[in-house]
Amino acid sequence: MSWQAEILTELAARSPGGYEAAGPLASEPTALAALALAGAGRFAAAARCADWLQELQHRDGSLGVMAGQPAPQWPTSLAILAWHQLDRAADASDYSKPIACATKWALDSRGTTTERKQQIGHDTALVGWSWAADTHSWLEPTAFFVLALKAVGQGEHPRTREAMRLLFDRLLPNGGCNYGNTIVLGQPLLPHIQPTGIAMWALGGEEVQDHRIGLSLDYLEQQLSERTATASLCYGLLGLSANCRRPREAESWLEAAYRREQQRGPSCYKLALIALAATPRVARITNDELLTTGR
């Protein structure tokens, strides 16, 4: 059995799952597992995850981070992605109602804005999505909602386009990004792999001429290796793959990450990320379409 088949089998056995091997079930790991399993053709296991997410969905369409914890609701974006992938990949599935309900909630949800301040480099008036209700729009939740809305055919919706402008606004002058700040008190901040990978994943396929995209992809290529922490490695590879720059070493790096996680006692979260990054079919998401990508 190949390591790719091995990880899918183990992921299927641990899903729905959480952030730790013996931890409580959580929305993000379960949605990522559903997305990876459906993309690899493991539809029965993916459906178990998708059904659990549907049970967790509130009447307004949103999902909290885990059962009994209705907020924050940012994982709603990943649930939309999971349902959409399974809905398209398996003829027997029908998640159109939870998708429609969650999409409406997403389009109605807004991060708060403030007037621009000279001390802060990014545009605080742009509207995206936040980690928690009634707080500022940040990069990673906004990127996840952009991915979800593009997948379900809402890529040209005004909310999605403004969110895209937010993602471009949060790119650092020399490429890459962090949680969402760019320059503070005149000092450019440093990039980090994980948010850069997530942003590049969301921006994949956009026909916008911005030199910082190339610089951000260069940054990821320079930073990734078999020693990169699992989550950062996986999101970095998803970002590169979405822009047709998947490194030749990707599979060997992912296998090394899988072996490391096995020694620690792998969680559904880490297994799902590795499986997702190893499944090119779900690396690139465009308007109403999941595409296979290559180098």
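This is a dialogue on how some labels in the structure are reached.

Tutor: The model is predicted, so local features need pLDDT of at least 70, side-chain atom pairs count only at pLDDT 80 or more, and totals for chains, interfaces and linings use all residues. Residues are numbered from 1 along each chain as its sequence is written, and side-chain values use heavy atoms, with hydrogens and water left out.

Student: Why is Leu189 called partly exposed?

Tutor: Buried means under 20% relative accessible area, exposed over 50%, and partly exposed in between (1.4 Å probe, protein chains only). Leu189 has 25% relative accessibility, so it counts as partly exposed.

Student: Where is Leu189 found?

Tutor: In the loop between β2 (187–188) and α8 (193–203). Helices (H or I, at least four residues) and strands (E, at least two) are DSSP runs, numbered from the N terminus.

Student: Which residues does Leu189 touch, not counting residues up to four places away in sequence?

Tutor: Contact means heavy atoms within 4.5 Å. On that basis Leu189 touches Leu172, Asn178, Tyr179, Asn181, Thr182 and Val184. The C-alpha atoms of Leu189 and Thr230 are separated by 23 Å.

Student: Why does the span of helix α3 agree with what it should be?

Tutor: The expected span is 1.5 Å times one less than the number of residues. Helix α3 (residues 43–56) has 14 residues and should span 20 Å; its end C-alpha atoms are 20 Å apart, so the two agree.

Student: Which residues of α3 are buried?

Tutor: Ala45, Ala46, Ala47, Cys49, Ala50, Trp52, Leu53 and Leu56. The buried residues of α3 pack against α1 (3–14), α2 (27–39) and α4 (76–89).

Student: What is the peptide bond from Ser15 to Pro16, cis or trans?

Tutor: It is cis, with omega near -5°. Pro16 is in the loop between α1 and α2. A cis peptide bond also joins Ala71 and Pro72, with omega about 0°. Pro72 lies in the loop between α3 and α4.

Student: What is phi of Asp134, positive or negative?

Tutor: Positive, near 65°, in a residue other than glycine. Most residues other than glycine have a negative phi, and most peptide bonds are trans. Asp134 sits in the loop between α5 (96–108) and α6 (139–151).

Student: Why is Cys244 called partly exposed?

Tutor: Cys244 has 35% relative accessibility, so it counts as partly exposed. Cys244 lies in the loop between α10 (230–242) and α11 (250–264). Its phi is positive, about 60°, although Cys244 is not a glycine.
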